[in-house]
Amino acid sequence: MLNKIIKTKKVNIEIDKKSGFCFGVVRAIDKAEEELAKGEVLYCLGDIVHNSKEVERLEKLGLITINHEQFAQLHDVKVMLRAHGEPPSTYEIAKTNNITLIDASCPVVLRLQSRVKKAYDISTDDDAQVVIYGQVGHAEVNGLMGQTEGKAIVVENESDLSKLDMTKNIRLFSQTTKSLDGFNRLISNISEQKAADSNFEFTDTICRQVSNRVPNLTIFAQQNDIVIFVSGKKSSNGKVLYQHCKSINPDTYFVSEPEEVLELNIDKSKKIGICGATSTPQWLMEKVAHMLDK
């Protein structure tokens with residue numbers, strides 16, 4: 001399947017076919033649409049995807065987005081869990097409050113949660129530190145922290161390694177959407193800084209559906225004169241992929257809504273490529289393309 005080419009009198013645009021929703025997000029949205037089609041009230045714990053336009057689309061279909069405080073007050077209702085995964089406390093509240101869960105947690109995230117919990121359970125035996133390479137406060141990271149009773153250490157980059165006791169054993173994991181290069185840099189830094197008699201174990205838990213987009217976007221950014229990267233502002237994955245595109249092609253612009261391209265001072269006579277994050281819907285990239293033709 002070739003990238004979608006949109007040619008008009010005004011502009012030549014290519015939409016990257018490999019951009020857009022990852023498997024986990026597609027699965028979550030399919031589940032939401034299936035439940036909403038039944039005509040019942042459906043809540044979603046947090047934004048179903050880190051893209052405000054897709055959230056708005058589903059809310060128009062009846063999806064009600066709530067936070068964790070609101071969730072704890074609900075009883076006898078149906079609540080959807082998004083792809084990011086949830087800590088054990090969420091399931092405990094659901095059981096106590098007779099809440100029916102529509103669990104759309106990504107299988108990749110669930111496997112990671114299981115590995116982190118196992119590492120934490122055995123950490124008392126050798127006084128090991130469970131370390132997560134991820135974004136502090138991110139929904140997926142919060143779910144991972146829950147597997148360790150909040151005791152895991154979150155590091156966002158090399159500067160955070162000061163949080164670790166390099167004389168103790170370390171077990172390192174990664175948020176599924178983090179940069180593979182960043183993870184490898186952490187491995188190198190920890191290996192160099194740890195005490196000789198401490199044990200360092202690391203598990204590559206980065207989703208390849210996400211990390212494999214980097215080489216694809218490298219080629220895509222090189223092939224186009226101008227790149228429009230479409231993503232929600234809350235998307236961790238979007239920030240990483242946008243910065244990568246920008247490093248390859250300096251004429252890369254970040255937009256969250258179609259109307260934002262009207263504010264960009266770009267040469268429409270050049271070849272324009274449109275791509276996006278794993279949380280960016282295809283229909284939104286197409287709207288951006290049509291907005292450029294105005």
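1. Start with two helices that pack together: α5 (residues 107–126) and α6 (residues 139–146) meet at an angle of about 35°, and their axes are 9 Å apart. Helices here are DSSP runs of H or I with at least four residues, strands are runs of E with at least two, and both are numbered from the N terminus. The axes are lines fitted to C-alpha atoms, for helices over the stretch in contact, and the angles run from 0 to 180 degrees between N-to-C directions.

2. Who does the touching? On the α5 side look for V109, L112, Q113 and V116, and on the α6 side for E140, G143 and L144. Contact means heavy atoms within 4.5 Å. By type, the residues of this contact are four nonpolar, two polar and one charged.

3. A word on the source: this is a predicted model, where local features need pLDDT of at least 70, side-chain atom pairs count only at pLDDT 80 or more, and totals for chains, interfaces and linings use all residues. Residues are numbered from 1 along each chain as its sequence is written, and side-chain values use heavy atoms, with hydrogens and water left out.

4. Now the charges. The whole structure has 15 salt bridges (a side-chain nitrogen of Lys or Arg within 4 Å of a carboxyl oxygen of Asp or Glu). One of them joins K234 and D47, at 2.9 Å from N to O. K234 sits in the loop between β11 and α10 and D47 in the loop between β3 and α2, so this pair ties together parts that are 187 residues apart in sequence. K234 is exposed at 55% relative accessibility, while D47 is buried at 18%. Buried means under 20% relative accessible area, exposed means over 50%, and partly exposed is in between, with a 1.4 Å probe and protein chains only.

5. K53 and E257 also form a salt bridge, at 3.4 Å from N to O. K53 is in helix α2 and E257 in the loop between β12 and β13, so the pair links parts 204 residues apart in sequence. K53 is buried at 19%; E257 is partly exposed at 29%.

6. Back in helix α5, D121 and K117 lie four residues apart, about one turn of the helix. Their side chains meet in a salt bridge of 2.9 Å, N to O. D121 is partly exposed at 41%, and K117 is partly exposed at 39%.

7. Finally, have a look at E35, K38, E40 and K78, which are linked in a network of salt bridges.

Notes: Nonpolar A, V, L, I, M, F, W, Y, C, P; charged D, E, K, R; others polar.
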